[in-house]
Structure formats: C-alpha cells, structure tokens
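Subject: Structure handover

Hello,

Please find the structure below.

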Amino acid sequence: MYRALYRKWRPRRFADVVGQQPIVTALQNQIAAGRIGHAYLFTGTRGTGKTSCAKIFAKAVNCLDTTSPDPCGECAVCKGIDEGTVLDVSEIDAASNNSVDDIRDLRDETAYLPAMCRYKVYIIDEVHMLSTSAFNALLKTMEEPPEHVIFILATTEVQKVPATILSRCQRYDFARITAKDIAGRLEYVAGEEKIELDPAAAELIGRLADGAMRDALSILDTCAGVSNTVDEALVRRMAGVTDRQYLFEISDAIAAGDSVKALEEIARLRQQSVDMRRLCMELAAHYRNLMLCALPGGNELLTGTSPEEEAAYQARKDFPQRQAVRAINAFGAALEKMARGTDQRIELELAVFSLTQPEAAPATVVQAAAPAAQPFAAGPTPFVATAAAPGPVTIPPVQEAGTPPPVVGEPPVFEPELPPLPEQPSPAPAPAPQKAARPKPSAPAGPPQPFPQWSAVLEVIAESDAMLYSFLQGTRAYYDGRRVLFECSDAFRDYIKKNKDVSKQIKETIYQVTHLNCFIGPYEAPRQEQPDSPAVSVDETLKQMQDLGVEVQIEEK
C-alpha cells in the first residue's frame, strides 16, 4: 500500500528533525547526562515536529544502545515503538479522549512498571483540548509521578493550557521552519523518491508551506502524482496560485485609483480557480513587503521572495507607508469576515474597492474649556466637528400666544453650562496652535420655547438606541436659548445624572440634527397659582359663626 510522503519521511532520529536545532541539542544533552525530566511541553504551529520529537525522545530514553543520545532504530524497542507494538509508549489524542475518565484510566496505569522499556512515556497530543476536570485529574500525577513515567504534552495553543500544568513542565517552543530549510529537505526527499524537483519549485513549496514541513511534503506528494517532473509552473497550478506578478498589478491599480482594473484582475484570478482567501493573505503580505522596502535596511526582513520579486520591490521602495498600513488593515479585516462565513470574493472586492477610493480626512475633536465646578454637574463633553463647517445654528422661533408660561425657578441641568456655537463659519486655522481662551458667558436664559426639531432627534435616537427611545417616546422639548429641556420622569432624570454616556448621546444627537451646541436638562411644568378667594361679606361671616353655636352680638346702627 502506498504511504504518503509526510508519513514515510517522518523523522525517526534527531538528525532528521529540520529547523529545530536548539531544541534537539537540549534534548540530546539531557539524555547523554542522564538528567531526564518527568514532564515536557512541546508547543508551536502545525507541522514543526512536535509529535515527531516526542516519539524520537521516547525511543532515545528507552533505546537498548546507550552509546549515543540518538535512538539506534535497530533494536527491538526502537522498532517496536515505530511499529506501535510497544505498549509502554502511548500516544493519546486529547481531542477525542478529553474526559476526566480517560485521564483517570491513564493515572491508574502509571502505577504499574513498564513491561519492556525503561520508562513509560505518555505523549498527549493537542493537550489544550482536555476539559477542566481532566486537567485537574492530571495535575497531581504530573506533580509527583512515579520514577518510571515521563509525560510529553504537545499543543498548538499553549495559552489554553492551565498555568498549574505549565509550571510542572519543561517548555520547548518549536519555531516555524524557514523556507530555505524546507526546500533543502524537499530536495533530499525528492532525490530518494526519484522525483525530479526543480530548485525554484522547492523554494516555492517552502514559501507556500508557511513554516510547516508536513504541508510541504503534502504539496510535493500532490505534484508528484501529476508528473514525476515537478517544476514551478506545476506547483503553482496544483497549489492554486499563479505568477506573483499579479500582486504588483493589483497594487499598482490600487495606487492609481483604478478600481475597475483591480477588480478585473481579481476576476481573472478567480476564473483560474485561485483561492480568494489565499489571495487576500498574499495581498496583505505583499503590502507588508512594500512597507518594509521603504525602511532603511528593510530588504533583510523580506521572507519567501525570489530574487526577481525582491528587485520588483526595490523598484517600489518609495511606496507610501501610510497606504501600505491602510491596505494591510483592510485585508486583515476582510480575512476576519471571511472566517465568519461571508462570501470571500465579495469581501476581497470590497477591500480592494475601498482602497482605490480617496482616504477620508480624519475627524477633529474639539475640547471646550471646563467651567468652574458646580454641584451635581458633569464635566464638559467634546463634540466631533467634520472638515466641512456646519451651517448657522438653528434657533427655534419666538413663542406665540397659547404656549406654556415660563418656568418658575431655575430647572436643574445635567452638566455645566457653556454658550452655544457662534453663528458664523469656523475661522481659518492659525499658523501655530494656541490654547483657546475660555468663551465669555452667554446672556441669561429666556423663557422656554417649543423645540420643533425634537421629533427629528427622536427619530435618530430610535435608529441607534431603541431602549433610550422607549424612555423619550412621545415627549416634548423646549429651548430657553442655551438648553434643550425635555419631559422626563424623576427616575429617568436621576438615571441620566448617574450615566454620563446617555447625556452625551442625547446632546450629540441634537448637534447631529440641528448643529446646535447646547446643554440639556429636564423640563418642569410651571406651577399653577391658585386664584384669589372671592370676598366674603361681614354679615355672612357672622351668620356662619352663629350657625356653629358661637354667641355673636350685633349692634344696630
């Protein structure tokens, strides 16, 4: 039966491990000195050799030939571990055996001595998939295991492993394998398998593998299934990528603002069955390279580029870094949306189209000077002014007959009082920024007038915050020249005082609708004065007193 290349050429000795020389040296030194730990943690991305090193280590500590820290591969123990017939070395997949019962069974087995080997070795792959109770069951055994037991934990997500487990292990971080090391290993495997592998094709596979040796061997296996001669064109066709010149064509079209040309290039690549997600990742990496080329000595940071591509990047070393960062952020956001299941082509096209449009001018935050502290008053809230100056402030018309009378007394406000915006366009910016002087106090507030724009303000609030709209629905508002006073209950008034974000939201919505920079407060209906009692004559008063039994003497005139 045919065996896949990544299985057939899996490392069997420390010398076969590619790109992890520091870790290999440390493990060999421990074996040679006899200072073997009881728990190890191997972490890193996929395909970097974590499980392979764990199996090699398990063979090395149990090998019958002790002349070398490397396993001999010829004794009964080494052959048995390779074939999976030695029960003293167990490989457990934590993704499917993650319950507390599985770990309890493992814990019970550690009490027995090994049958054939010197050590019982438990290799737990993807250990971060264990449940919390399973980790707790494993904890005590890992802290004080029997002398004949070694635990080797492997994971790609070390951040999910509890700190109590990490503190009991020797941790080794497996780095991504460089494209150069992958290409060298592929050429060796191709020579042993009688595959004609072009060096340019080996380098391309090394870049596509993204640091994973297993992925590289799988790509080579796929290409070798089509033709025994593997060149760069075959790798591009089978891996779903084309000549990387398309990256420069897309970026040049974006820089020129030609959205049609950029989208046409994407459509052409999609017609060639190029994966849109991979293309999005390549574009992000492409703009990263453009950003690095603009830096002094940034060429040394370029990874996975051919000499021809490096020359093309050098020709664009004056590319604006701001545009490169903007493109990287745009493609990164598109990748996040692709991961949530949205259409990959549409997300990529939206990102490219947005980059062809002029960048919007950043908003300017204007901070007003804070007035003197007042009881129960919030600090000043900044408002956002866009590049275009707002029109003149809209003041409600003068109240006509039939409107409510003025409020008796001064109603409470939620924040310190500041004057409204001046009724003129913003002045041109001064050559040198200076600290703005505090504006003079405005005239005293006048009688409240109906605020006709309140209904439009409520419509905007209804679209952005349904809960806040439910409190303000059906209310009326008035304007006294510096504040917008709206009807509200006592409970809602106290709620706004404690939650400054709600007050800020209402004020910003008023400014958005009317361009009126004002403050807000509750509207209190005026108290109705009791009319004077009608005059009562003296005779009627005396008669009422007589009816109540009071003795009254009336002198006759």
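I start with a pair of helices. Helix H8 (residues 179-192) and helix H9 (residues 199-208) have axes that come within 8 Å and cross at roughly 130°. Axes here are lines fitted to C-alpha atoms, for helices over the stretch in contact, and angles run from 0 to 180 degrees between N-to-C directions. Helices (H or I, at least four residues) and strands (E, at least two) are DSSP runs, numbered from the N terminus. H8 and H9 are therefore oblique to each other; angles under 35 degrees count as roughly parallel, over 145 as roughly antiparallel, 65 to 115 as roughly perpendicular and the rest as oblique. The crossing of H8 past H9 is right-handed. A crossing is left-handed if the near helix is turned anticlockwise from the far one by less than a right angle, and right-handed if clockwise.

On the H8 side, Ala 179, Ile 182, Ala 183, Leu 186 and Glu 187 meet Pro 199, Ala 202, Glu 203, Ile 205, Gly 206 and Arg 207 of H9. Contact means heavy atoms within 4.5 Å. Sorted by class, the contact of H8 with H9 has seven nonpolar, one polar and three charged residues. In this sorting, Ala, Val, Leu, Ile, Met, Phe, Trp, Tyr, Cys and Pro count as nonpolar, Asp, Glu, Lys and Arg as charged, and the others, Gly among them, as polar.

Before going on, some background. This is a predicted model, in which local features need pLDDT of at least 70 and side-chain atom pairs count only at pLDDT 80 or more, while totals for chains, interfaces and linings use all residues. Residues are numbered from 1 along each chain as its sequence is written, and side-chain values use heavy atoms, with hydrogens and water left out.

pLDDT is the predictor's confidence in each residue, from 0 to 100. The chain has a mean pLDDT of 79, and 78% of its residues reach 70 or more. Residues 368-396 have pLDDT below 50, and this stretch has 61 contacts in the model beyond near neighbours in sequence. Residues 430-443 also have pLDDT below 50, and that stretch has seven contacts beyond near neighbours in sequence.

Of its 557 residues, 39% count as buried. Buried means under 20% relative accessible area, exposed over 50%, partly exposed in between (1.4 Å probe, protein chains only). Among contacts between residues at least 6 apart in sequence, 74% join residues at least 24 apart.

Back to the helices. What do the buried residues of helix H11 pack against? H11 covers residues 232-239, and its buried residues are Leu 234, Val 235 and Arg 236. They pack against H9, helix H10 (213-226) and strand S7 (229-230).

The axes of H9 and H11 come within 8 Å and cross at roughly 30°, which makes H9 roughly parallel to H11. From H9, Ala 200, Ala 201, Leu 204, Ile 205, Arg 207 and Leu 208 meet Glu 232, Val 235, Arg 236 and Ala 239 of H11. This contact has seven nonpolar, no polar and three charged residues.

For H10 and H11, the axes come within 10 Å and cross at roughly 110°, so H10 is roughly perpendicular to H11. Ile 219, Thr 222, Cys 223 and Val 226 of H10 make this contact with Leu 234, Val 235, Arg 237 and Met 238 of H11. By class, there are six nonpolar, one polar and one charged residues in it.

Some single residues remain.

- Ser 52 is in helix H3 (residues 50-62) and is buried, with a relative accessible area of 10%. Leaving aside neighbours within four places in sequence, Ser 52 is in contact with Arg 10 and Pro 11.
- Thr 132 lies in helix H6 (residues 132-143) and counts as exposed, at 60% relative accessibility.
- Ser 167 is in the loop between helix H7 (163-166) and strand S5 (170-174), and is exposed at 54%.
- Asp 210, in the loop between H9 and H10, has a phi near 55°, a positive value in a residue other than glycine. Asp 210 is partly exposed at 40% relative accessibility.
- His 515, in the loop between helix H21 (500-514) and strand S13 (519-522), has a positive phi of about 55° although it is not a glycine. His 515 is partly exposed, with a relative accessible area of 31%.

Regards
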